[in-house]
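Me: I'm new to this structure and would like to learn how to read it. Could you walk me through it, one feature at a time?

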Amino acid sequence: MLTYILRRILTMIPTLLVISVLVFVIIQLPPGDYLESHIAELQSQGESVDEQKIAFLREQYGLDKPMPQQYLKWLFGMLQGDFGYSFEYELPVTEVVGDRLFLTVLISIATILFTWMIAFPIGIYSATHQYSWGDYGLSTLGFLGLATPNFLLALVMLYFANVYFGTSIGGLMDPEYIDAPWSVDKLISILEHLWIPVVVIGTSGTAGMIRRLRANLLDELQKQYVITGRAKGLPPGKLLAKYPLRVALNFFVADIGNLLPTVISGAEIVAVVMSLPTTGPILLSALQSQDMYLAGSFLMFLALLTVFGVLVSDIALAMLDPRIRLGGGSK
Amino acid sequence: MLEVNNLAVDFFLQGHPVPALIDVSFAVQPGETVALVGESGSGKSVTSQAIMGILPSNAKICGGEIWFNNPESGQLLDIAALDPDSAQIRQIRGGAISIIFQEPMTSLSPVHTIGDQISEALFLHRDASQQEGLKLTETMLQHVGFPHPSRAMKMYPFELSGGLRQRAMIAMAMICHPSLMIADEPTTALDVTIQARILKLIRELQAELGMAMLLITHDLGVVANMADRVVVMYHGRVMEAGPLRELFTNPQHDYLKALMHAVPRFDLEPGERLVPVREIHSETGALLKKTPREEGVDAHEPLLKVNDLSKTYRLHGGGWLKSESHDLLAVDSVSFEVERGECFGLVGESGCGKTTLSKIIMRAITPDRGEIIYHDGSRAIDVRTLEGDDLLAFRRKMQFIFQDPYSALNPRMTVFDILREPLVVHDLGDMDYQREMATELMRLVGLDPRFLSRYPHSFSGGQRQRIGIARALALQPDLIICDEPVSALDVSIQAQVLNLLKDLQQELGLTVVFISHNLAVIHYIANRIAVMCAGRMVELAPRDKLFENPVHPYTRALLSAVPHPELSQPLSFEAITEGAASDPARWSFPFTIDGSAATEFMALGDGHFVRVAAGSSPADVAA
């Protein structure tokens, strides 16, 4: 098993390398680079262009070098913790991201917890009360949640939150706390605002998870070993928790790897609509303006999360399910 | 102790009640064994579920009573009147009445240890401390024959063989010393030698604990050896009930009589046919008929020659820190010949390599070494080296019938498409020809050609297996390999399909390789029989020779483990020993195979061969 984990970690390296090549190439695919589109934009606005600064930047960041060389520079920079320079913000990438990364992680974790807390009881209820009114009602709600576009939900929620709770529109905190140092009041303000994006981002994921949990649990509930448990005289609640739920958890754990990146990338549009100070809007504008180091670093961060999440879920699966841990397949 | 009166159970399918049990009545006295006999769908399992209060959610008891006298509390209870989730019935369930299910593979949770699952029942129903409970569980595991009980406590079901899983299931049912045990087809999924051992174990435990048993089975052989009284069920009704001796010597009801005639027995007269409950009528047409032997065909050349076939699998396993792998010999230098027009039987227990062997012959698995020579009458074909078009052309000569009729047919294809597919693959004939062929194939296996446009789900298991047979015949092959074609079918359906295969073999001049674990079935259908164990062929003989004079200890063990549906030939439970029969290293000299000496096939005359240590003499064998 240890060798298995080691092997898995080793295979992560080539995976990430391939992803980095893909990310770099795709960002570079459109003709030109950030500086060219920047010049064009300035010129279209009738402003003068500081030729000297442009030339300096071009040389500094090796934009005049061939692509493979640029790639290697970027790659080795990242390995040393230097994620490059954001042209748009005229700051190192790490400084642009800073607090936003923390808020992104906060929203993501809150969303995942929200998803689990809602999906778990509803999924279990729907499965154990299959075809009851409750199941139908919750399923309908779930499908509504799946079908409603996030941005629409975001606008509706913002309106109601403002009208009924007086929460300020947009952002993740009241305007007076932006750029203010951390304090208890700021934290409370964040929590007041946090629930809206969490609900908005989490709704479709929750609905999907309810459906999957219900389907998985229904499969397990019909298995013979559940009847064996009943025949032993186990009370229904204990029976459900010990046997079918335990097995249905497998898919839950297997999902962890996918959950992080979907939550983060699904949050981007919402973040734009709600003007959240998370990483989403930056990534979007960075992609539009070909601010390649900023966009590339974000995408690599997402890729790292995915690969790492899959590793975590694989290890967790092996701990949870003895069949995976002990059952060696024949080759 | 248990009295079922006029019990009626309905299943609700899309809101409509469908009766599953009608007016079922019987009783079980303390300490006795009552067998509930019937085919699938006869309602015997529903009866057991009703007694346990574990009916599926769409089934409801809609009449009658189930009186249970609980010796623990001295209470008399009507189980039928209780809410199946009430605390009262939960106390009985698993405590005073327990159940063993048919499928040891699926009846245990895959993610909990054996020890956990068995002790759970104990902690639910008896006052025992954690330590006492685990100690009791370990003792129970030893009792049911686990070789290393303390290790088994921490093992998961998938690490155990089918036989051991069923023992774990029995331990779970016995741990609370119930006064009534329901055994729902406890040995149906097991090999004969393991079945004999499990039956022996159940009998011993029953005698020791003095409990009553309700044995649910379709196997009249098991009934004859285990039951005191018999209840015969058919279509949800009790047809006949009475003491074992009375029912077996003088069956009154037509259904029981028919059932008795449908079971293959060793003492059938030569040429005697089984009588299925419903016979099927097979018709051959213009396209499918026995092809007259072509000129110049050498009929003496065997159709199939298999020489020194071997196949090894590498298994991987391990825990958190180490991983290990070892080799498993699935097929070990197997050689045999199949004569033209005969039915060659291959018998052995699960895991003996018979299916692997058949798949090697079909070129579905590549062997490590050995050769397969197919002689089509004019020339010999080396099957192992065929490639491309030659292989495609060769596949028309050899076809396969699968074990499981449910998964062998694509549920999304109509029967017509299923039967036509081989013709399409080999580009035979136009649409008209294919339609005519499909129609004729249906008549051949006794199905109405109007069913061609239906999907497999609308057919019963036996009908599906007949569709599988028809598909195998679509290319008019010379050789058919049947891998356990009747083991998933009921006795009466089994007789139907066996008769059909026998007739088809005659009418179409087929050569058949018939693989089965069921000795009675092999006895009925095969001319020559090879016995396999642990990847090796241990004995090969014409049918009568093998059954009258088995030489190899494994063949003998196999034959002595078959429960006969005859009161005059009871199983000798004393002769059943643990595990020795299928372990080649523990066979007596000169049969021992432990890797220290080479073995060879010794001829005993009249086509009778047995595997012995190289250099032994016939005198050693006779001794």
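Me: Where do we start: how many helices and strands does chain B have?
Reply: The secondary structure of chain B comes to 20 helices and 22 strands. Helices (H or I, at least four residues) and strands (E, at least two) are DSSP runs, numbered from the N terminus. Keep in mind that this is a predicted model, where local features need pLDDT of at least 70, side-chain atom pairs count only at pLDDT 80 or more, and totals for chains, interfaces and linings use all residues. Residues are numbered from 1 along each chain as its sequence is written, while chains are lettered from A and ligands numbered from 1 in the order in which they are written.

Me: What does the radius of gyration say about chain B?
Reply: The radius is taken over C-alpha atoms, and the globule rule is 2.2 Å times the number of residues to the power 0.38. For 623 residues, a compact globule would come near 25 Å, and chain B agrees with its 26 Å. Its C-alpha atoms fill a box of roughly 85 × 60 × 55 Å along the principal axes.

Me: What share of chain B is buried?
Reply: Count other C-beta atoms, placed from the backbone, within 10 Å of a residue's own: 20 or more is buried, 12 or fewer is exposed, and in between is partly exposed. By that count, buried residues make up 45% of the 623 in chain B. Arg412(B) is exposed, because it has 8 other C-beta atoms within 10 Å. Arg412(B) sits in the loop between β16 (398-401) and α13 (415-425) of chain B. Its C-alpha atom is 7.0 Å from that of Tyr455(B), 43 residues apart along the chain.

Me: Now sheets, please. In what order do the strands of the open sheet lie?
Reply: Strands of a sheet pair through backbone hydrogen bonds, either parallel or antiparallel. Here, two strands pair if DSSP finds at least two bridges between them. The four strands of this open sheet run β2-β1-β4-β5 in chain B, with antiparallel pairing. β2 (16-28) and β5 (75-78) stand at the edges with a single partner strand each, so one side of each has no neighbour in the sheet.

Me: Which residues face each other there?
Reply: Let's take β4 (residues 59-70) of chain B, which pairs with β5(B) over four bridges. Asn70(B) stands opposite Gln75(B), and Phe68(B) has Leu77(B) as its bridge partner. Four residues lie between the two strands of this hairpin, and Gly74(B) in the turn has a positive phi of about 75 degrees. β4(B) also pairs with β1 (residues 2-13) of chain B, over eight bridges; there Phe11(B) partners Ala59(B).

Me: Is β9(B) enclosed or open?
Reply: β9 (residues 229-234) of chain B is largely enclosed by the rest of the structure, because five of its six residues are buried. Four bridges join β9(B) in parallel to β3 (residues 33-37) of chain B, where Ala35(B) stands opposite Val230(B). β9(B) also pairs with β10 (residues 237-243) of chain B, in the antiparallel sense over six bridges. In their hairpin, with two residues between the strands, His235(B) takes a positive phi near 50 degrees.

Me: And a helix: where is the kink in α5(A)?
Reply: A bend at a residue is the angle between axes fitted to the seven residues ending there and the seven starting there. In α5(A) the kink is about 40 degrees, centred on Asp99(A).
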